[in-house]
Amino acid sequence: MTMRARSRLALVIAWASASALAACTGPDPGTADVRLLDVAAYRAHVHAVLEPSCATLDCHGDPGRPLRLYAETGLREDDSLRSAKAPLTDAEAIANVESAAGLDPEVRADESRVLLKPLAERAGGMHHVGGDIWQTRDDDAYVCVAAWLAGGLDADAQAACSRAAAAVALPPED
Amino acid sequence: MTRSSSLLIVVPLLGACLWTTPEQAAEDALPYDGREGPTHMPGYPCLACHSEEHSPGDEVFVLAGTVYERAGDAWGLQGAEVRVTDEAGHELSVVTNEAGNFMVRDGDGDGEDDERGRGETRIGFKLDWPLRVEVRHGERVRHMRSRIHREGSCATCHVLGAPSATSAGPIFLVEDPP
């Protein structure tokens, strides 16, 4: 892990610790502070859901867009990562988590635009220039990301992440 | 500074802000190559001048780009077939022209290349994004791994020059060994 990645990880941990200390009661399911996000869980379960659906260069791989996301096939943090076809780095994963946490830092997890923008408006979502990515709250991808934002990727949620990732999996490189 | 001289500075600046749209700025940033027609400006983002929002070039495309045989080639590859499948299962095919350019436009068409050699096809349906793309030339086939979610100009993400943090590099068929 690079110095930059370590310093970012320390920042996330410090932020998470401060938020935990400030809390008077434990978070209710679905209402956890979205700043308490788990980078390891993001890498293990969430990134494979978001990369194909959200993180392309023409969407949230555009550094000027809200919820800027790094991905192997999208935006990289450094030119050399593209030419090396390197996997997502720790620094990129942490930056993605910071990006998700920073989108709506003051709201409950189930009110975050990370969930509401891709959700169809008829299902309670918000208008999204990129269209309706998840049709209902039962969509595996919604279940996966909602559980991660709420800080509770249990076995059922992890299974939802796996199904969602398989549904949008990128083809192998030629 | 007098009030009148201040106005001389402020008014043009204000005018520049009010009258230069993002679309115009994108067009102005392109190095016009002096050519006309379907072989001009290979490798540059076509919809900067050929989109529903901004079309000083008159022709309006929904998808357009340039294919190269190798990433570092100066001239595009003629005769490459670009196959596109949208989310609804619609398929279209277009064959690149002598500059390597291809373009897809709305119209009365079936998605087959109906003006072979010109690099253009018309589709009779509205594209349902995201799109999956593959490029073929002879026996060579390359599949685009990620899908296109909203950008009709291939060169917005496939920028001329070396791949970078923000660009996948030009669309090409043959990858030279490192």
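**Ground rules**

I number residues from 1 along each chain as its sequence is written, and chains are lettered from A and ligands numbered from 1 in the order in which they are written. Since the model is predicted, local features need pLDDT of at least 70, side-chain atom pairs count only at pLDDT 80 or more, and totals for chains, interfaces and linings use all residues; side-chain values use heavy atoms, with hydrogens and water left out.

**Entry 1: chain A overall**

I began with the secondary structure, where helices (H or I, at least four residues) and strands (E, at least two) are DSSP runs numbered from the N terminus. Chain A has seven helices and zero strands. I then looked up burial, with buried meaning under 20% relative accessible area, exposed over 50%, and partly exposed in between (1.4 Å probe, protein chains only). Of the 174 residues in chain A, 45% are buried. For contacts I used heavy atoms within 4.5 Å. Among contacts in chain A with a separation of 6 or more, 48% are between residues 24 or more positions apart.

**Entry 2: helix α6 of chain A**

How many of the ten residues of α6(A) are buried? I found eight in this helix (residues 140-149), so it is largely enclosed by the rest of the structure. Among the buried ones are Y142(A), C144(A), W148(A) and L149(A). Their cover includes α2 (39-54), α4 (90-103), α5 (113-116) and α7 (155-167) of chain A.

D139(A) caps the N-terminal end, with a side-chain oxygen 2.9 Å from the backbone nitrogen of A141(A). Just after the helix, G151(A) takes a positive phi of about 80 degrees.

**Entry 3: Q135(A)**

I found Q135(A) in the loop between α5 and α6 of chain A. Is Q135(A) buried or partly exposed? Its relative accessible area is 33%, so I put it down as partly exposed.

Next I looked up its polar contacts, each a pair of N or O atoms within 3.5 Å; within protein, one must be able to donate a hydrogen and the other to accept it, and residues adjacent in sequence count only if both atoms are side-chain atoms. The side chains of Q135(A) and R122(A) make such a contact at 2.5 Å. These two residues are 13 apart in sequence, and their C-alpha atoms are 8.3 Å apart. A polar atom of the Q135(A) side chain also lies 3.3 Å from the backbone oxygen of D132(A). Leaving aside neighbours within four places in sequence, Q135(A) is in contact with L119(A), A120(A), R122(A) and A123(A).

**Entry 4: strands of chain B**

Here I count two strands as paired if DSSP finds at least two bridges between them. Strand β2(B) (residues 81-86) pairs with β6(B) (residues 131-137) in the antiparallel sense over six bridges, and E81(B) stands opposite R136(B). Five bridges join β2(B) to β3(B) (residues 91-95), again antiparallel, with T85(B) opposite E91(B). β2(B) and β3(B) form a hairpin with four residues between them, and G89(B) in the turn has a positive phi of about 95 degrees.

In a regular strand, side chains alternate between the two faces of the sheet. Which residues of β2(B) lie on its covered face? I noted V82(B), V84(B) and D86(B) there, with E81(B), R83(B) and T85(B) on the uncovered one.

On its way onward, β6(B) is joined to β7(B) (residues 140-143) by four antiparallel bridges, and R136(B) stands opposite V141(B). This hairpin has two residues between its strands, and G138(B) in the turn has a positive phi of about 60 degrees.

On a 1 Å grid over the protein atoms alone, a cavity is a set of points where a 1.4 Å probe fits but cannot get out; a pocket is an open set with protein on both sides within 12 Å along at least five of seven lines, and lining residues have an atom within 4 Å of a point. Grid points are joined across faces, edges and corners, and a volume is the space filled by probe spheres set on the points.

The largest pocket has a volume of about 1,400 Å³. I counted 45 lining residues, with W129(B), H149(B), R150(B), E151(B) and G152(B) nearest its centre. α2, α6 and α7 of chain A, together with α2 (22-28) of chain B, each supply at least two lining residues.

I also found two cavities of 30 Å³ or more in the whole structure. The largest is about 50 Å³, and β1(B) gives the largest share of its lining, three residues.
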